Structures are given as C-alpha cells and as structure tokens.
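Work through the exercises below with the sequence and the 3D structure at hand. Each task is followed by a solution in steps.

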Amino acid sequence: MTLRIVALASALLAPSAAFAAPTIVELAQGFGGPEDERGGAGNEQPSVAVVDKEGKRFVVSIYMSSDVSSGDRPWQCKCSSVELDPILGPTLVADRVQLTSFDGNRPCNHPKAASDGESVIWTFGSNNPNLAQVRTYVAAVDELCRETGAPFRVSENANNNEGAPDIAWNGGSRFTGGYLSTGENDRTYALGLEVAKDPAGNVTFTKSYLTNVVSPANIGRPTILPMGMDRSLVCAAKGDQRPPEDGIQCGLVDATTGLVLWRDLVAPSDPQAEIYMNQPQLVQLSPERVALMAIESRGQGRKSGNKAPSITHLYTLAPDDLGSHMESEIDSVGPYQAHATICAGHWGEEATPIVGLFD
C-alpha cells in the first residue's frame, strides 16, 4: 500500500487560491514483499498529528511499514513529517524515519498519534521482547520525527494480548489512552497519562490510572475523544463474540481519576435479526457535541466465509455527566460502506460543523 498525504490549497494559501487543486505528497511507496502477514502489507494504518513550532506548522504521520531490512522483518513503525508553508506549499522535511527495530511477528502494530501542539505522543502494540503476547506502549517524537521519549509500557496483564490502542490530548500535560486486552476477562481499558518535558524537550511519562470501560470486549478496539481537560469519551464494541453481539458501548471517563461516570449502549446489536454493530469512530463537532460512526454487518462472513454487504451508521451525541444524549441517527452513508473513517471540521461563513466520511 502506497501512503500519501493530501494538502488542500484553502488550508495553505490565500483565500483567492481556495479553489486550486490539492497538492499530493507521496510519503512512501507500496513496497511490501510477499502478500501475506509475514511479508508485510507495504505502508499502512497511518495516524496523523499536527505540531506548531516557531511559527511553522508540521503534519506528522506515523505508520506501519514493511519496507525494512531483512533483520527488521516483517515490519516496523516509521514517521514522516510535512511542513506546511503558505507560499511554498507542503514540503517533506522528515522522510520515512524508522522509529522501531523490534523483534516478533507483530513488532509495531496499530500506531495512533496525538499532539499537544509541541510534541507528538504516540502509542502502539508490540510483542517484543517476549515474541508472544502483545503489549501496549507510548513514546514521543518531535516535529522532525526525532525520538524525544523512549517507549514506555502502559499495559499490565502479562497473560493477555493487549493492543489496538488509541490516544487523545485533553490539554496541558494530560492525555487519555486506551487499548484492548484479550484473554481472560476481555475488556477495553482507558488510562491516564501525564507528560513531563525538560528544557531540551525530552519527554517522560507517568500513568495515573487504568480503568475498565467496556466488557466483555472480544474485539473492543477503543476510540477516544477528549471532552475537556477532565473528561474523555471512550467507545468500543461490546460482546463476547466476533461480530459483537451487544453492540457499541460508550463511557464517559473522569480523566483525572479514571472513574467511569456512565456507560451507554449507543448502537445496540440485534443477533436475532442478524444485525451486529462494530468499528466505532468518534470525531468532535463542538466542545459539547460529537459524531460517532459505526458499521452494521449481518455476520455472514463468520458463518459462510463470504462477506455480506455492510451499512454505515452516523450518530450525533451531546454527552455530559448524566449520559450520551443521542440527537440524531442516519444510515447508509457513503457509496461503499466498508472500512470507513470520518473527520470533522467547519464550513462556510457561519462555520457550520460538518462530518466527512471516507469509505
């Protein structure tokens, strides 16, 4: 898989250039080796964060790459950075910097990145060094993909596979992370992370809490959204099975203590009707409102090996300390309705909040 970044002219140039064609910067070619897990899939699962430093803006991408030496096979995590300039446009300033050189058949999986505006804090799963169970780590890089914080393990259960993480910045020195722990008592965890920096920009981490948000969670990969300095919304698929027989559950976490203020089954499955809700993703519409995407499937792939059509659902919520407060729901969004992702922003002179869906 080839990895590219698209820079829209309206974000880079003067308003008169708002309708110019977007600039596409290729970050990594689709080199992958044999088409199986051990050969790697090229360059995939990118996560993006923005750093503003000394009047400059950088878009930092961290991703899995199988374009590595034979000793680092099957893949590692890499980093690329693009500087956005209002005159020159986007310029690649850090090119495929390899961040890990771990052992195992899952040396660096599912990276996710978040920024406090100055540093990029990223999280990932790895079965280095024991070559068996996956563990979850956090680390830090600067705007040029230079390591400023060495990998720090945040998962705890030595008998479980613990990965597929997410991370979000609440503000100040506080981040909320989370991961899926499978084995005994499958569950989706949220964790508090405090980040400290010395004058040189070197980062150290302190984990403040670890709390169970969704259980059982056989495939409960978390999606996390900050709701201010002291609150984080965490959603994941709930259920003992794959696909999840319960649906998508969200919980509001006190980001200072880890206390879960409420849990709500926002998008329920209906196994008798062969409806299963999975793959949640959150984006922010305003400080008080969020959009949640979920994918509905009929579970046919599990039964027959042939994937049945899926349906994309989009919900808007106004969560507070008392509950999720669903405002609206639409379905059948997008032409393909599979492997979808969403983003949010504002449009027009009225700054109307919008959601963009890619599938």
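**Exercise 1: Charges**

Find how far apart the mean positions of the positive and negative charges of the protein are.

Solution. The protein has 27 positive and 43 negative charges. Their mean positions lie 5 Å apart. The model used here, as in the other exercises, is a predicted one.

**Exercise 2: Overall form**

Decide what the radius of gyration of the protein says when set against that of a compact globule.

Solution. Step one: for 359 residues, a compact globule would have a radius of gyration near 21 Å. Step two: the value for the protein is 20 Å, so the two agree. Step three: along the principal axes, the C-alpha atoms fill a box of roughly 55 × 55 × 45 Å. Step four: 50% of the 359 residues count as buried. Step five: the accessible surface is about 16,700 Å², and carbon and sulfur atoms account for 51% of that.

**Exercise 3: One residue in its place**

Locate Asp 166 in the secondary structure, then determine whether Asp 166 is buried or exposed.

Solution. Step one: the protein has two helices and 24 strands. Asp 166 sits in strand β11, which covers residues 161-171. Step two: a residue is buried when its relative accessible area is under 20%. Asp 166 has 10%, and therefore counts as buried. Step three: list the neighbours. Step four: the side chain of Asp 166 reaches the backbone nitrogen of Ile 224 at 2.9 Å.

Methods
Residues numbered from 1 in each chain as written. Predicted model: local features only at pLDDT ≥ 70, side-chain atom pairs only at ≥ 80, totals over all residues. Heavy atoms only, no water. Helix = DSSP H or I, 4+ residues; strand = E, 2+ residues; numbered from the N terminus. Buried < 20%, exposed > 50% of the residue type's maximum accessible area, 1.4 Å probe, protein only. Polar contact = N/O pair within 3.5 Å; in protein donor to acceptor, adjacent residues only side chain to side chain. Rg over C-alpha atoms; globule rule 2.2 N^0.38 Å. Areas by Shrake-Rupley, 256 points an atom, 1.4 Å probe, with all protein chains shown as cover. Lys, Arg positive; Asp, Glu negative; His and termini not counted. Charge placed at Lys NZ, Arg CZ, Asp CG, Glu CD.
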